[in-house]
Amino acid sequence: MQMKPDQTQHSVIHARITGTGSYLPGAPVSNDDLRTRGIDTSDEWIVERTGIRARHLASEGVTSSDLALEACRRALEAAGRLADEVDLIVYATSTPDFIFPSSAAILQRKLGIRNGGAAFDVQAVCTGFIYGLTVAEKFIRSGSHKCALVVGAEVFSRILNWEDRGTCVLFGDGAGAVVLEASEQPGILASSLHADGSYSDILSVPGQISQGLVTGSPFLQMDGKAVFKFAVKVLAETAGEVLEAAGMNTLDIDWLIPHQANIRILQATAKKLELSEDKVIVSVDRHGNTSAASVPLALDMAVRDGRIKPGHTLLLEGVGGGFTWGAVLLKF
Ligand code: UT7
């Protein structure tokens with residue numbers, strides 16, 4: 001379904017978030033639970049280095065799109081929209097259900113959408129949701145689409161090497177989604193997206209499928225220290241870019257919602273931006289690093305617990321494999 005831009009319309013079309021939703025599978029798995037499962041680690045080490053206290057792990061057979069489905073149902077309910085009103089699905093994931101069809105197409109089927117709207121996946125690892133939101137915003141502002149679901153959903157537990165304590169304790173599974181609609185009121189104010197492929201080796205899953213076999217490694221590998229340094233630098237830079245583009249400064253931000261990878265990265269970013277830590281939404285303690293799902297998960301939690309209110313100015317930020325990074329500044 002391709003809608004033509006309304007040529008008679010003179011007012012600017014904005015893109016606004018009208019509903020949020022999230023979903024975490026099963027019961028939380030604590031740091032001590034990981035120890036009992038045979039991982040040579042401690043609650044003290046994980047909490048001190050990362051702030052993570054628990055993660056959720058999807059049961060065998062549960063896929064990324066199953067988690068996305070629950071998050072999207074909640075987001076649609078919050079927006080007061082029916083699934084069939086959605087004419088665009090942008091789905092950020094690095095752990096898709098299959099090589100193809102896209103997880104977006106599978107999600108469209110699971111939501112029962114039969115209107116022929118567009119649906120596609122975005123691959124920008126932990127920056128995926130920021131990329132997805134920016135892409136969907138451009139579709140909506142062009143007038144071609146009116147009601148989008150932007151989702152980040154991951155089953156990272158499937159690509160973790162459980163023998164590698166340096167990475168397996170950090171990640172978890174989950175999904176978060178927003179409904180993004182055409183509006184006369186400003187919503188997304190500015191966005192900025194970046195990538196630098198010369199850093200692709202510091203965080204990757206360098207496996208390939210060929211002739212029915214996996215070649216290379218199907219497990220996540222990471223140079224943690226290099227990622228840490230890079231993340232703090234670019235998160236502060238990209239925040240500055242969107243604030244400048246919107247003619248705002250740090251004082252205008254009600255809530256900073258960065259990619260939830262590590263509490264120390266979040267704290268360092270707030271410090272660089274000279275932003276009080278109590279303006280940073282933190283949910284990494286509850287679900288670990290859920291890659292593309294982390295920003296919409298944190299957003300939804302803070303909307304539902306009443307911290308984020310209509311009219312608030314939010315700065316969303318992502319950083320991850322690729323290397324990719326970016327930010328979206330918006331009025332909620
Ligand atoms: O979306 C982006 C995703 N990535 C990130 O956000 C990660 C960014 N990086 C980090 O957060 C940190 O680099 C880590 C938390 C991953 C690691 O912290 P670190 O301070 O860089 O630790 P390290 O890798 O240098 O390891 C220090 C020690 C080592 O022991 P020795 O060699 O000093 O005796 C590790 O073997 O900690 C040990 N260690 C652990 N100990 C207990 C590594 N993993 C664990 C563990 N439990 N799970």
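1. Let's start at the ligand. In this predicted model, a polar side-chain atom of His259 sits 2.9 Å from an oxygen atom of the ligand. On its own the ligand has 960 Å² of accessible area, and the protein covers 71% of that.

2. Who else is around the ligand? There are 21 residues around it, and those that come nearest are Thr41, Arg49, Arg165, Lys225 and Asn262. By type, the shell divides into 10 nonpolar, seven polar and four charged residues. Have a look at the helices too: helix 2 (43-50), helix 6 (165-168) and helix 7 (224-245) each supply at least two residues of the shell. Which helix gives the largest share of the shell? Helix 7 does, with four residues.

3. Now step back to the domains. The chain is assigned a domain 1 (5-184) and a domain 2 (189-331), and their C-alpha centres are 14 Å apart. Their contact takes 49 residues from domain 1 and 45 residues from domain 2. The ligand belongs in this picture as well, since each of the two domains gives at least three residues to the shell around it.

4. You will find Thr134 in helix 5 (residues 128-142). Is Thr134 buried or exposed? Its relative accessible area is 3%, which is under the 20% limit, so Thr134 counts as buried. Leaving out residues up to four places away in sequence, Thr134 touches Ser191, Leu193 and Val328.

5. With a relative accessible area of 2%, Ala231 is buried. Beyond residues up to four places away in sequence, Ala231 touches Ile265 and Val319. Compare this with Thr215, which is 16 residues from Ala231 in sequence, yet 29 Å from Ala231 in space, C-alpha to C-alpha.

6. Helix 4 (residues 103-110) deserves a visit. Its buried residues are Ser103, Ala104, Ile106, Leu107 and Gln108. Their cover includes helix 3 (64-79), strand 4 (88-92), strand 5 (118-122) and strand 6 (147-155). After helix 4 comes Gly112, with a positive phi near 75°.

7. Next, some backbone details worth checking. Most residues other than glycine have a negative phi, and most peptide bonds are trans. Against that background, the peptide bond from Phe100 to Pro101 is cis, with omega near 5°, and Pro101 is in the loop between strand 4 and helix 4. The peptide bond from Gly322 to Phe323 is also cis, with omega near -5°. Phe323 is in the loop between strand 14 (313-320) and strand 15 (324-331).

8. Finally, two positive phi values. Gln211, in the loop between strand 10 (207-210) and strand 11 (213-216), has a phi near 55°. Ser291, in the loop between helix 9 (284-287) and helix 10 (294-304), has a phi near 50°. Which way do their accessibilities go, buried or exposed? Gln211 is exposed, because its relative accessibility is 76%, whereas Ser291 is buried, because its relative accessibility is 0%.

Technical notes: Residues numbered from 1 in each chain as written. Predicted model: local features only at pLDDT ≥ 70, side-chain atom pairs only at ≥ 80, totals over all residues. Heavy atoms only, no water. Near = heavy atom within 4 Å. Polar contact = N/O pair within 3.5 Å; in protein donor to acceptor, adjacent residues only side chain to side chain. Areas by Shrake-Rupley, 256 points an atom, 1.4 Å probe, with all protein chains shown as cover. Nonpolar A, V, L, I, M, F, W, Y, C, P; charged D, E, K, R; others polar. Domains from an automatic or database assignment. Buried < 20%, exposed > 50% of the residue type's maximum accessible area, 1.4 Å probe, protein only. Contact = heavy atoms within 4.5 Å.
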